[in-house]
Amino acid sequence: MNSRRALLAKIHIAKKALAMEDAYYRALLRRETGLDSAGKMSDAELQKALAAFQRLGWNPAARADDDAAGQSPHGAPAQRRKIAALLKAGGKPAAYGEAVAKRMHNKPLAFCSPAELRGVIAALNANRQRQRAAAAKAADARSTDCGRGGEGTARRGGEEAARRGGEDAAAAAAEAKRGAAA
């Protein structure tokens, strides 16, 4: 069994490897164990917290020399799944995610650190929000156009024709009735 000091060390290594902000780290500890400090936890609680880090993608077997070979030691599979889900929800191909990573960090998505992956996720979320806002605005414009059209437009068209003198008043009235029926 792992000693308490080894468990504490692994938790802090996992926090650093996943590039967690302190507030997020403490929220995770609080969610998993009810305590916001690893130092106050029992061995069983430390094990629960360590399991939570592993679910987030931390691999205790990864070493720093893996990063030197060009492989990210963090892996961050949860973040990669999130990126894939955002791309799918937005109807974007995987190449779009690669292009975002290349533009933001000048490297392929596979070599991005967890902090860089968070940036890609934020960019994809912002893009998704822009798309939703544009779609809502377009839907709103379509619904208001439907309310303005129809009968009123036909009447105005008939009145204009009568004013121009291009048609007699009876033809204008017939045109207005046809427009109202449509």
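By class, the residues around the largest cavity split into 3 nonpolar, 3 polar and 2 charged. They are Leu86, Leu87, Gly90, Lys92, Leu124, Asn127, Arg128 and Gln131. Two elements give two or more residues each to this lining: helix H5 (77-89) and helix H7 (114-148). H7 supplies the largest share, with 4 residues.

The model is predicted. The cavity holds about 60 Å³ of space. The count of cavities of 30 Å³ or more comes to 1.

## Helix H5

H5 has 13 residues. From first C-alpha to last, H5 reaches 18 Å, close to the 18 Å expected at 1.5 Å a residue.

Gln79, Ile83, Leu86 and Leu87 are the buried residues reported for H5. Seen down the axis of H5, the buried residues fall within an arc of 100 degrees, so they line one face of the helix. Turned away from that buried side is a face with the exposed residues Arg81, Lys88 and Ala89. Leu86 and Leu87 are buried in H5, and Leu86 and Leu87 also line the largest cavity. After H5 comes Gly91, with a positive phi near 70 degrees.

## The second largest pocket

The second largest pocket has a volume of about 240 Å³. Its lining is made up of Leu18, Ala19, Met20, Glu21, Tyr24, Leu56, Ala76, Ala78, Gln79, Pro114 and Arg118. By class, that lining has 8 nonpolar, 1 polar and 2 charged residues.

## The chain as a whole

The protein chain has 9 helices and 0 strands. From the N terminus on, its elements run α-α-α-α-α-α-α-α-α.

Of the 182 residues in the protein chain, 27% are buried. Among contacts with a separation of 6 or more, 55% join residues 24 or more positions apart.

Conventions
Residues are numbered from 1 along each chain as its sequence is written. This is a predicted model: local features need pLDDT of at least 70, side-chain atom pairs count only at pLDDT 80 or more; totals for chains, interfaces and linings use all residues. Side-chain values use heavy atoms; hydrogens and water are left out. On a 1 Å grid over the protein atoms alone, a cavity is a set of points where a 1.4 Å probe fits but cannot get out, and a pocket is an open set with protein on both sides within 12 Å along at least five of seven lines; lining residues have an atom within 4 Å of a point. Grid points are joined across faces, edges and corners, and a volume is the space filled by probe spheres set on the points. Ala, Val, Leu, Ile, Met, Phe, Trp, Tyr, Cys and Pro count as nonpolar, Asp, Glu, Lys and Arg as charged, and the others, Gly among them, as polar. The expected span of a helix is 1.5 Å times one less than its number of residues. Buried means under 20% relative accessible area, exposed over 50%, partly exposed in between (1.4 Å probe, protein chains only). The arc is that of the directions from the helix axis to the C-beta atoms. Contact means heavy atoms within 4.5 Å.
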